Amino acid sequence: MPQPPAVLDSAGRPIAPAQIQRIRESAGRPGRMRSLQGGGGAGNAFPYDAADILSSELGDWIPQVRSPDTEINLHRDRIAARARDLRRNDAWANGAISRILDSTIGASYRFVSKPDYRALALYARGFDAVWANEYRQALEAKWRTYSEDLGHYNDVHRQLTISQQFRLALGHKLVDGESVLVAQWRPDRIRPGGATYATCFEGIDPDRLSNPNMGPDTATMRNGVELDGDMVHVAYHIRRAHQFDWYNSIQSMEWDRVEREDPDGWRRVYHDYDPDRFGQSRGISVFAPAIRSLKMLSRLYGVKLQAENVAAAFGLYVQSPYDFEMVRNALENEDDDEQAFGWYQDLRSEFHKERQVGIKGAHMASLAPGEEIKSVAPGGGQADIRPFAHEMLRAFSMCLGTSAEEITNDYSDASWSSARAGITQSEKTYHRRTDEFDLNTATPVLATWLEEPFERNELPLPRNAPSYLEMRTAYARGRWLGAARGWVDPVSERQGVVLGLDAGLSTMEEECAKQGMDWEENLEQRAIEFNRMQMLGLPRPEWFGNEYTATEASQPPQKAQP
């Protein structure tokens with residue numbers, strides 16, 4: 001007869017059924033289970049405190065692990081709407097975005113061509129520094145004419161220059177989390193006095209990028225972005241009108257599928273956003289971590305302003321010794337409270353009417369016996385909110401990657417060194433934003449337009465040069481010049497620039513780029529000015545010549561000794 005199964009201990013001996021029952025009863029007690037699951041003591045099952053689900057600090061904090069598209073796409077419209085509302089109605093948020101745009105794109109975003117002639121020289125002879133300079137001058141001249149066209153034929157809607165389109169695109173990227181530009185080919189606009197090139201660009205509100213018929217996300221469709229098996233963005237589904245345009249209600253429920261690239265490689269859609277995780281298909285606003293605190297701060301300012309208004313409207317009040325029982329007893333009808341109050345008010349009015357005193361046009365109130373004037377504390381007696389508001393805005397500045405002084409515009413408590421240190425840190429974020437915008441939007445937009453001048457043979461090329469589609473990255477290479485960096489202490493910082501040039505730690509191109517200038521245009525303009533000085537017989541400036549080194553020229557002028 002087979003033996004029944006048995007539970008063995010660590011020594012291989014069978015465990016008695018009574019002992020097994022005691023173990024089961026002990027395990028069912030709440031205290032025992034808490035010890036096994038990590039409630040403290042030697043039996044803690046959570047080696048990291050961050051994973052503890054039973055502590056009073058973290059027990060009710062159970063965020064879920066989700067994919068980036070699942071986290072963003074379902075709530076993207078609500079977050080974008082709140083971020084836009086802050087920019088419209090909150091002075092701090094609006095000023096912060098304007099400050100970032102003014103410090104990056106500015107009013108003019110200029111392209112400086114720097115073709116990679118070393119890479120091109122591997123394919124054909126003739127690609128050298130001389131060719132690069134000739135090519136640069138021709139390309140920049142044609143790009144300036146196109147991007148700053150007075151007719152704005154670079155814009156499908158003929159409203160903005162390229163720089164203005166870029167400024168709006170970066171603004172969308174900051175507030176909405178992403179920007180969308182679409183290239184169009186419009187040869188019908190080419191005519192005398194009209195467009196010079198058929199390439200033009202249209203800015204698209206990111207709200208219009210959505211799934212057809214408002215359908216749910218799928219494996220190949222993520223909130224308007226169509227993916228292939230390698231998770232490559234192959235097409236974008238764009239509404240023909242905004243979803244809340246009641247006057248375009250029919251078009252708002254129609255979608256166009258726009259492929260990212262044409263079969264010949266011509267780029268059509270430029271979707272730019274800063275992903276926080278791999279596999280992310282849509283962007284998120286930079287305001288997202290600070291929306292709650294900014295909204296609460298805005299409400300605090302509103303309450304404070306209301307308190308100040310109330311204090312201004314009710315600044316004084318009169319305290320009277322009016323004794324209701326005394327007046328009522330003095331009347332014949334002691335039950336008529338309304339008559340008692342009216343009699344006393346008439347008495348006070350007659351008293352003040354006979355005692356009007358004025359000094360130099362100022363009215364002085366005379367009080368009835370026993371009356372006293374009291375004042376209301378300004379602001380309703382509330383404490384100063386400036387330190388609290390500045391601390392909140394300091395956290396907001398960390399979210400945006402700027403210094404606190406740039407957000408509050410208050411440098412009263414900052415020294416020159418601390419202000420300069422804050423600007424140095426924020427410049428890293430500015431450079432990162434502009435570099436990514438250049439890589440994802442600005443340079444690809446130029447590269448799309450550049451294909452047209454190449455097809456027309458308008459640019460100088462050596463013999464046997466590779467085609468544009470084959471080496472467009474090398475042909476379209478360059479840098480963008482935005483807003484000038486500016487100076488905190490012009491004298492000291494310019495002296496530092498000159499010392500860096502003299503020591504070989506920087507170049508004129510680099511220093512001019514920081515101030516939004518082209519170094520070659522600078523030199524050419526200086527040559528014109530110097531030649532003009534000689535023609536007019538003006539003395540040669542000390543800063544123009546070889547008898548002074550850069551270090552000596554950077555020194556401040558010495559005062560003459562008496």
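1. Start with Ser179. Leaving aside residues up to four places away in sequence, Ser179 touches Ala169, His172, Lys173, Tyr270, His271, Asp272 and Thr441. Contact here means heavy atoms within 4.5 Å. Ser179 sits in strand β2 (residues 178–185). Its relative accessibility is 2%, so Ser179 counts as buried. Buried means under 20% relative accessible area, exposed means over 50%, and partly exposed lies in between (1.4 Å probe, protein chains only). Helices (H or I, at least four residues) and strands (E, at least two) are DSSP runs, numbered from the N terminus.

2. A word on the model. This is a predicted model, where local features need pLDDT of at least 70, side-chain atom pairs count only at pLDDT 80 or more, and totals for chains, interfaces and linings use all residues. Residues are numbered from 1 along each chain as its sequence is written, and side-chain values use heavy atoms, with hydrogens and water left out.

3. Now the salt bridges. The whole structure has 25 of them. A salt bridge is a side-chain nitrogen of Lys or Arg within 4 Å of a carboxyl oxygen of Asp or Glu.

4. Take Arg88 and Asp85. Their closest N and O atoms are 3.4 Å apart. Both belong to helix α4 (residues 76–89); they are three residues apart, so about one helical turn separates them. Arg88 is exposed, at 58% relative accessible area. Asp85 is partly exposed, at 27%.

5. Which parts of the chain does the pair Arg257 and Glu226 link? First, the bridge: their side chains meet at 2.9 Å, N to O. The pair links distant parts of the chain, with Arg257 in strand β7 (residues 255–259) and Glu226 in strand β5 (residues 225–227), 31 residues apart. Arg257 counts as partly exposed because its relative accessibility is 44%. Glu226, at 17%, counts as buried.

6. Asp262 and Arg268 form another salt bridge, with the closest N and O atoms 2.8 Å apart. Arg268 is partly exposed at 23% relative accessibility. There is also a network: salt bridges that share partners join Arg76, Asp77, Arg84, Asp176, Glu178, Asp205, Asp207 and Arg282.

7. Last, the surface. Leu501, Met508 and Leu523 make a nonpolar patch of about 210 Å². Patches are made of residues with over 30% relative accessible area and no salt bridge; like charges are joined within 9 Å, and nonpolar side chains (Val, Leu, Ile, Met, Phe, Trp, Tyr) within 5 Å. Leu523 lies in helix α18 (residues 519–535). With 38% relative accessible area, Leu523 is partly exposed.

Definitions and conventions:
Accessible areas come from the Shrake-Rupley method with a 1.4 Å probe; for residues, only the protein chains shown count as cover.
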